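Hi,

Here is the structure I promised to pass on.

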Amino acid sequence: MKDLHEGRMYWQETLPHPRTYPPLRDSSEADAVIVGGGMSGTLAAYVLASAGLRTVLVERGRVAAGSTLANTGLLQYCNDIMLSELTGRMGERDAVRFYRACAEAVQDLGAIAAALPIDAEYRPASSLYCASTDQHVPKLKREYEALARFGFDVEYWEPEQIGARFPFRKPGAIVTHGDAEINPYRFVHALADEAADRFGLLIHEETDIAAHETEGDGTHVLRTAAGAELRAKHVVYAVGYEPEELRGRLIRSEMDRSSVIVTAPQRELSPWYGRYMIWETDRPYFYARLTDDGRVIAGGFDEPHGQPLAGRNARERISDKLEKRIRELFPSFDVQADYEWNATFAWSRDDLPFIGEDPKWPRVYYCLGYGGNGTVYSMIGAGLLRALMLGRPHPLAGIVGLDRPSLQPS
């Protein structure tokens, strides 16, 4: 398996003994097979199994051991591409529909988390989206006006309002309400366990799919490297950031490397107003949040080329930058990193996820939440795939599908 991250990870220490599942040894049949046991695959499996579909999830490693470990758990309806910019690309109706779907997905994630048997550390939150420079203020104000015009719960703060609440000032900021934060590792494991116990989801770890063929009647046949066979009506690839595995011909993505640190628990959190999540308009951007135990998670400074940095000295170069940025914002904080890692990060050429049926392969689907809002996209994807498999329309099918115009070869 290609390494998706390097460094000392934090989340697995919050659930030190997760349940494990056996490899697939015997041949089996299902309505739907999900390939991939990360956030996208497990959410899709949970939703499909809860809808009554006989569902099998296969993961060639361990559940939640790939990109989920590097996920920083920010759940926001605002995207890497602003609503005002997205409107210019796809028109007002579709852009607003997409943003509203993201806002609904944050709430849907909360509803699922509330029903799980363990605390996934889902917490409603607000976000402070800061202008990095004076030059970014006009576009930030345009974005605020667009969000407010379409009913999103937002405020605009001038530098004085920011400085009155935080130990730093910025040229301006949008405050978005209706966001949230989550522990992605606990959430994915709880999803898997609950779907298995309550809805009959079959999960097989250490199961590598070596071949995928389609018979004349449309039945998909997946064969594992160990020789077992899965026959299914529907197959979903939720393989994360590994583009060489994709079967479609229209997908195009770019791979970058993103870095994260997690500090020691802070003795005093009062300088951090309202536990707001923080991010900025610079690209690549810096972002930060707090954990349940008062640690700062900070990340960003994305670099081209997706291969993670294996050497500690190379990783420390970015960690030092992240520590310095936290200190600039919160001078009283202990910014020494207890955990640090970097990971592959993918984004699409039109800043949208890849969710839907392969245009050239009936009943083969992809749920790939590329971009900074991967968990939110995974929630959208789970509902969209359920609709497609049950023969129901979905309002985002034409926006995020693999046959959308922006993915066509130029």
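Two things about the source before you start. Residues are numbered from 1 along each chain as its sequence is written, and side-chain values use heavy atoms, with hydrogens and water left out. This is a predicted model, and local features need pLDDT of at least 70, side-chain atom pairs count only at pLDDT 80 or more, while totals for chains, interfaces and linings use all residues.

**The whole protein**

The protein has ten helices and 18 strands. Helices (H or I, at least four residues) and strands (E, at least two) are DSSP runs, numbered from the N terminus. Of the 410 residues, 59% count as buried; buried means under 20% relative accessible area, exposed means over 50%, and partly exposed is in between (1.4 Å probe, protein chains only). Among contacts between residues at least 6 apart in sequence, 74% join residues at least 24 apart, where contact means heavy atoms within 4.5 Å.

**Helix α1**

I'd begin with α1, which covers residues 39-50. This helix has twelve residues and reaches 16 Å from its first C-alpha to its last, close to the 16 Å expected at 1.5 Å a residue. (The expected span is 1.5 Å times one less than the number of residues.) Eleven of the twelve residues of α1 are buried, so the helix is largely enclosed by the rest of the structure. Those buried residues include G41, A45 and Y46. Just after α1, G52 takes a positive phi of about 95 degrees.

Helix α7 (residues 184-199) has 16 residues and reaches 21 Å from first C-alpha to last, close to the 22 Å expected at 1.5 Å a residue. α7 is mostly covered, with twelve of its 16 residues buried, among them R186, H189 and D193. What covers them includes α1, α2 (67-70), α4 (92-114) and β8 (202-204).

The axes of α1 and α7 come within 9 Å and cross at roughly 25 degrees. Axes here are lines fitted to C-alpha atoms, for helices over the stretch in contact, and angles run from 0 to 180 degrees between N-to-C directions. α1 and α7 are therefore roughly parallel to each other; angles under 35 degrees count as roughly parallel, over 145 as roughly antiparallel, 65 to 115 as roughly perpendicular and the rest as oblique. Their crossing is left-handed, which is the term if the near helix is turned anticlockwise from the far one by less than a right angle, with right-handed used if clockwise.

On the α1 side, M39, T42, L43, Y46, A49 and S50 meet P184, F187, V188, L191, A192, E194, A195 and F199 in α7. By class, this contact has eleven nonpolar, two polar and one charged residues. (Ala, Val, Leu, Ile, Met, Phe, Trp, Tyr, Cys and Pro count as nonpolar, Asp, Glu, Lys and Arg as charged, and the others, Gly among them, as polar.)

**α9 and its two partners**

The axes of α1 and α9 (residues 374-389) come within 8 Å and cross at roughly 40 degrees. That makes α1 oblique to α9, and the crossing is right-handed. Residues in this contact include L43, A44 and V47 of α1 and M379, A382 and L385 of α9. Its classes are nine nonpolar, three polar and one charged.

The axes of α4 and α9 also come within 8 Å, but cross at roughly 90 degrees. That makes α4 roughly perpendicular to α9. Among the residues in contact are F98, C102 and L109 of α4 and V376, Y377 and I380 of α9. Here there are eleven nonpolar, one polar and one charged residues.

**Some loop residues**

I118 lies in the loop between α4 and β5 (123-130) and is partly exposed, with a relative accessible area of 30%. Not counting residues up to four places away in sequence, I118 touches L15, R186 and A190. The C-alpha atoms of I118 and F187 are separated by 8.4 Å, though these residues are 69 apart along the chain.

R275 has a phi near 55 degrees, a positive value in a residue other than glycine. R275 sits in the loop between β12 (253-263) and β13 (277-280). R363 has a positive phi too, near 60 degrees, and belongs to the loop between β17 (354-357) and β18 (364-368).

Cheers
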